[in-house]
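This report describes how two protein chains are arranged and which side chains connect them. Please consult the sequence and structure shown here while reading.

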Protein chains: 2
Amino acid sequence: MTTRLRAVRPRQPAAVTRKAIHDAAHELFRNEGFDAVGIRAVAARAGVDAALVIRHFGSKEQLFLEAMTVDLPAIKVMEGPLEGMGRAIVEHVVCLPSSRPGALAVTALAALFRASDRGEVQRTLRETIENVFAEPLVRRLEGGDAELRAHLIAAQLGGLLTSMHVVQDPVLLAADRSAVVARYGDSIQRLIDT
Amino acid sequence: MTTRLRAVRPRQPAAVTRKAIHDAAHELFRNEGFDAVGIRAVAARAGVDAALVIRHFGSKEQLFLEAMTVDLPAIKVMEGPLEGMGRAIVEHVVCLPSSRPGALAVTALAALFRASDRGEVQRTLRETIENVFAEPLVRRLEGGDAELRAHLIAAQLGGLLTSMHVVQDPVLLAADRSAVVARYGDSIQRLIDT
DNA sequence: CGGGCTTTGTCAACATTGATGACCAGCGTA
DNA sequence: TACGCTGGTCATCAATGTTGACAAAGCCCG
């Protein structure tokens, strides 16, 4: 009887393979979305067996969440002066050169939006928006209804992000960035000022 | 030899079963999202074999698109006076009693957003937003950059809709509707006026 | 050294999913 | 009656996420 031939793969510490899987997943999910990317594709790219992916992350959905939860660097502009903050924030969301880490974060957030009919994804999305947009704003706004206004601003930012990276509105994509910043920023400013 | 026993289902004209499938799909997809609902579930609800669903609609994605493409009744407010239109539009999107046909349309649009990592869905979403929000606005806006402004308004409306029906921001859901209308509406009004 | 224990990895299956193709039944018409 | 069209069923396919049994490697303790 012939001995079973096993593909032999050198043993590595858990953290290493885990990171390999995480990175592969991040690349693939961010560019192609949640359900266009199979577990076997992630595994192949990481040079790993498909079962290992599940073993390390529990489920595809969990892997997706961990891979897309880039901790957006807190938007510094939100700590600056209230005057002109509207434009500054929009510029931050819209104008990032696509190589910068912030841009990756925006893309990842867009991927979360696109996959939001998974219940767990939806929860993560909600928390992310709260943490990244709404909560930092609440602490800065003056006047009445600060919490409501902060969340409305978050809605507007989500809308812009969604229109550009999910819906991919051709008019917005083709438009002059500075015009977008000026118009949308001023509109947001109304919610900041009141 | 016993003759094969077949589940006999009375023959019906194609349009009838097609509608039955369409309606079942609309109900299920709107409430539970695209990939929580299987073809077999739709078929069961319509009292029909699963293969028939595909036969009539080509694919699950196609069925989803046809089922969620409610022709939103053109938003009449967009034909009214420019003054105060911001609030009027927001009211239309946010305050609908959930029994009215418009509310169904909003829910369906939200389902499209949630499933937007399917390429075809994304395209439909883009066209729907163009037709329902952007294009009617373009024809009304006065002043420079009318097209850009219309699409920015569409982005804001999408943002509000997304925040409430996809992200389900608890602050917005709990907030006083009239406050939301006033604040968000005035913010949009800035883009209408300029 | 050697025997156990945990860690890391592999493989073969499973259930479910969307989708297809062969076939069948009713029915009108030539 | 025979043909063909239309509406419907069933068995089956390939792919998917997931699981469990098992195999090695390293490590600890006698």
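## The interface between the chains

In this predicted model, 44 residues of chain B are in contact with 44 residues of chain A. The area buried between chain B and chain A is about 3900 Å², and carbon and sulfur atoms give 58% of that area. B:Asp117, B:Arg183 and B:Arg190 supply 18% of the area that chain B buries against chain A, more than any other three residues.

Between chain B and chain A, 17 residue pairs are in polar contact. On the side of chain B that touches chain A, at least two residues each come from helix H6 (101-114), helix H7 (119-138), helix H8 (146-165), helix H9 (170-174) and helix H10 (177-193) of chain B. The largest share of that side, 11 residues, is supplied by H8(B).

## Symmetry of the two copies

Chain B is superposed on chain A by a rotation of 180° with 0.0 Å of shift along the axis, at an RMSD of 0.1 Å. The two copies are thus related as by a two-fold rotation axis. Among the residues of chain B, B:Gly159 comes closest to this axis, with its C-alpha at 1.7 Å.

The interface residues follow this arrangement: 100% of those of chain B are also interface residues in chain A, so the copies meet through the same surface.

## Salt bridges across the interface

Four salt bridges are found across the interface of chain B and chain A. In one of them, A:Asp145 pairs with B:Arg183, with the closest N and O atoms 3.3 Å apart. B:Arg183 is also one of the three residues that lead in the area chain B buries against chain A.

A:Arg183 likewise forms a salt bridge with B:Asp145, and here the closest N and O atoms are 3.3 Å apart. This pair runs from helix H10 (residues 177-193) of chain A to the loop between H7 and H8 of chain B. B:Asp145 counts as partly exposed because its relative accessibility is 41%.

## Salt bridges within the chains

Over all chains, the structure holds 20 salt bridges. Within chain B, the side chains of B:Asp186 and B:Arg87 meet in a salt bridge at 2.9 Å, N to O. B:Asp186 lies in helix H10 of chain B and B:Arg87 in helix H5 (residues 85-94) of chain B, so the pair ties together parts 99 residues apart in sequence. B:Asp186 is partly exposed at 24% relative accessibility, and B:Arg87 is partly exposed at 39%.

In chain A, the side chains of A:Arg139 and A:Glu135 form a salt bridge at 3.4 Å, N to O. A:Arg139 counts as exposed, with 62% relative accessibility, whereas A:Glu135 is partly exposed, with a relative accessible area of 30%. A network of salt bridges links A:Glu27, A:Arg30 and A:Arg45.

A:Ala108 is located in helix H6 (residues 101-114) of chain A. Its relative accessibility is 0%, so A:Ala108 counts as buried. Beyond its neighbours within four places in sequence, A:Ala108 is in contact with A:Arg30, A:Met68 and A:Val70. Of these, A:Arg30 also takes part in the salt-bridge network with A:Glu27 and A:Arg45. The C-alpha atoms of A:Ala108 and A:His165 are 9.9 Å apart, although 57 residues separate the two along the chain.

## The annotated region

An unreviewed UniProt entry lists residues 38-57 of chain A as "DNA-binding region". This span is 80% helix and 0% strand, and its end C-alpha atoms lie 14 Å apart.

Technical notes
Residues are numbered from 1 along each chain as its sequence is written. Chains are lettered from A and ligands numbered from 1 in the order in which they are written. This is a predicted model: local features need pLDDT of at least 70, side-chain atom pairs count only at pLDDT 80 or more; totals for chains, interfaces and linings use all residues. Side-chain values use heavy atoms; hydrogens and water are left out. Copies are superposed by least squares on the C-alpha atoms of residues with pLDDT of at least 70 in both. Contact means heavy atoms within 4.5 Å. Helices (H or I, at least four residues) and strands (E, at least two) are DSSP runs, numbered from the N terminus. Buried means under 20% relative accessible area, exposed over 50%, partly exposed in between (1.4 Å probe, protein chains only). UniProt positions are given in the numbering used here, feature names are shortened, and annotations may be inferred rather than shown by experiment. Buried area is the accessible area (1.4 Å probe) that two parts lose on being put together, summed over both. A polar contact is a pair of N or O atoms within 3.5 Å; within protein, one must be able to donate a hydrogen and the other to accept it, and residues adjacent in sequence count only if both atoms are side-chain atoms.
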